[in-house]
Amino acid sequence: MSGPSPKGRPGTAGWLRGWRPAVAMAARNLRRNRVRTALAVLGVCIGVLAVAALGIFGNVLALGADDAIGDIGTQVVVSPNADAGVQSLSEADVADVRRAVGEPAVVPLYSDSAVVAGPSGREFATVYGVEEPALAFEAAEGRLPERHRRGAIVGAGVAEELGVGAGDSVEIAGSQVRVVAVLAESQTFSPVAPDDAVFLPESAFSADGYAQALVVAESGEAARAAADDIRAEVNAREERVDLFELAAIVDEVNEFFGLLSTFLLGLGAISLVVAGVSILNVMLMSTVERRQEIGVMRAVGVTRRDVLRVLLAEAGLIGAAGAAAGTLLTVLLVAGLVAATPEVDAALALDPTNGYYLLLALCFGVGVGLVSGAYPAWKAANERPVEALRS
């Protein structure tokens, strides 16, 4: 329990006791002009609603984008540097890449193209040769072998186009090949497009070198580190390989949505500043109308500090009421949006980071109320009682 400080100044309890009658008087004064008070509260409410709703909207967009493309940042595509005269990746190049990256899986790929035919039609598709497909891809049908020795693994797009599934056969360059698995639909975009490709064993190719190598890491950060290691070690003497970092694209997308969120918050803040001007106007009008009343208070012994407290309490109550109403409306608006729009993932709307924007808007609303009321309160508290009574 707080009490007077050792130096005789009031402690926390005393400070709160000083504000209690000021808040009660402020509430009574606000009730005397209900319409004007309601309009000021409405202005803050709209401003807080704009800040919180636009902030959450931008955050949900960023979370949705990160959820949709976050996985692609875990891959680095290594290709031969044609500008340096390197036409393919040799076994030594792949070994160098493996030594450079350490833990992340390295999946070299032969590449060619061929006409693939199935029960529903024919399609010109990219044909890759891969030994360990399970390190880089997932199967929607069938099972990906640890060592790909026979059969074909068909991308989701090709399987749909040709009407084939695991256990069916496709014709590739005139040869019938059994489909051992169909890949899950890819959520990524890169030079390697597994949806529109067919994967065969490496033994089906007679090329001298690999066309590409996929580096598959556990996280975007690990992929960035792997890319840096490849540049530092494999390209140390000669730029033998080109790198396509999907993590860099994810970073660019995240940076864009960060800017979008900031822009939307700025738009909402403009609404709240307008609301602050409204509170300033209300408080200035209130102090002018109550000039004689304030003069009487000062004449009977009410201190400047008490007058300042009452007027600041009025501005604070307007800001707090508007901020609370705006926050509540934002919650209802987001809930209604999630209920009415099935495309909006409820988990994204309920993400804890959205609470930051609610708290930010709430504090901003109260702060705007106090700042807007500071000047009228200071002006009224410092006016001489005699001059106030003469007006």
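Modeller: Let's start with a cut-off: a residue counts as buried when its relative accessible area is under 20%, as exposed when it is over 50%, and as partly exposed in between. Please keep in mind that we are looking at a predicted model.

Biologist: Thanks! Is Arg 36 buried or exposed by that rule?

Modeller: Arg 36 has a relative accessible area of 18%, and because the limit is 20%, this arginine counts as buried. Arg 36 belongs to helix α2. Setting aside residues up to four places away in sequence, Arg 36 touches Val 282, Met 285, Ser 286 and Glu 289.

Biologist: And where does Asn 33 lie?

Modeller: Asn 33 sits in the loop between α1 (12–32) and α2 (34–69). With 28% relative accessibility, Asn 33 is classed as partly exposed. Ser 286 turns up again here: Asn 33 and Ser 286 are 253 residues apart in sequence, yet their C-alpha atoms are 9.1 Å apart in space.

Biologist: Let me try another loop residue. How should I read His 148, as buried or exposed?

Modeller: His 148 has 2% relative accessibility, so this histidine is buried. His 148 is in the loop between β4 (139–142) and β5 (152–154).

Biologist: Which backbone oxygen does the side chain of His 148 reach?

Modeller: For this kind of contact, we look for a pair of N or O atoms within 3.5 Å. In this case the side chain of His 148 reaches the backbone oxygen of Gly 151 at 3.0 Å.

Biologist: What about Leu 135, and which residues is Leu 135 in contact with?

Modeller: Leu 135 is in the loop between β3 (121–129) and β4, and at 39% relative accessibility this leucine counts as partly exposed. Beyond its neighbours within four places in sequence, Leu 135 contacts Ala 105, Val 107 and Val 216. Ala 105 is 30 residues away along the chain, while its C-alpha atom is 6.6 Å from that of Leu 135.

Biologist: Now for helix pairs. At what angle do α3 and α5 pack?

Modeller: Helix α3 (residues 91–101) and helix α5 (residues 220–233) pack at about 125 degrees, and their axes are 8 Å apart. That makes α3 oblique to α5. The crossing is right-handed. On the α3 side, Val 97, Arg 99, Ala 100 and Val 101 take part, meeting Ala 226, Asp 229, Ile 230 and Glu 233 of α5. By class, this contact has five nonpolar, no polar and three charged residues.

Biologist: How do α8 and α10 cross?

Modeller: The axes of helix α8 (residues 304–340) and helix α10 (residues 354–381) come within 7 Å, crossing at roughly 155 degrees. Angles over 145 degrees count as roughly antiparallel, and therefore α8 and α10 are read as roughly antiparallel to each other. Their crossing is right-handed. The residues in contact divide into 19 nonpolar, seven polar and one charged.

Biologist: Which residues make the contact of α7 with α8?

Modeller: First the geometry: helix α7 (residues 291–299) packs with α8 at about 145 degrees, with axes 10 Å apart, in a right-handed crossing. Ile 294, Met 297 and Arg 298 of α7 meet Arg 304, Val 307 and Leu 311 of α8. Sorted by class, this contact has four nonpolar, no polar and two charged residues.

Definitions and conventions. Residues numbered from 1 in each chain as written. Predicted model: local features only at pLDDT ≥ 70, side-chain atom pairs only at ≥ 80, totals over all residues. Heavy atoms only, no water. Axes fitted to C-alpha atoms, helices over the stretch in contact; angles between N-to-C directions. Helix = DSSP H or I, 4+ residues; strand = E, 2+ residues; numbered from the N terminus. Parallel < 35°, antiparallel > 145°, perpendicular 65-115°, else oblique. Left-handed = near helix turned anticlockwise from the far one by under 90°. Contact = heavy atoms within 4.5 Å. Nonpolar A, V, L, I, M, F, W, Y, C, P; charged D, E, K, R; others polar. Buried < 20%, exposed > 50% of the residue type's maximum accessible area, 1.4 Å probe, protein only. Polar contact = N/O pair within 3.5 Å; in protein donor to acceptor, adjacent residues only side chain to side chain.
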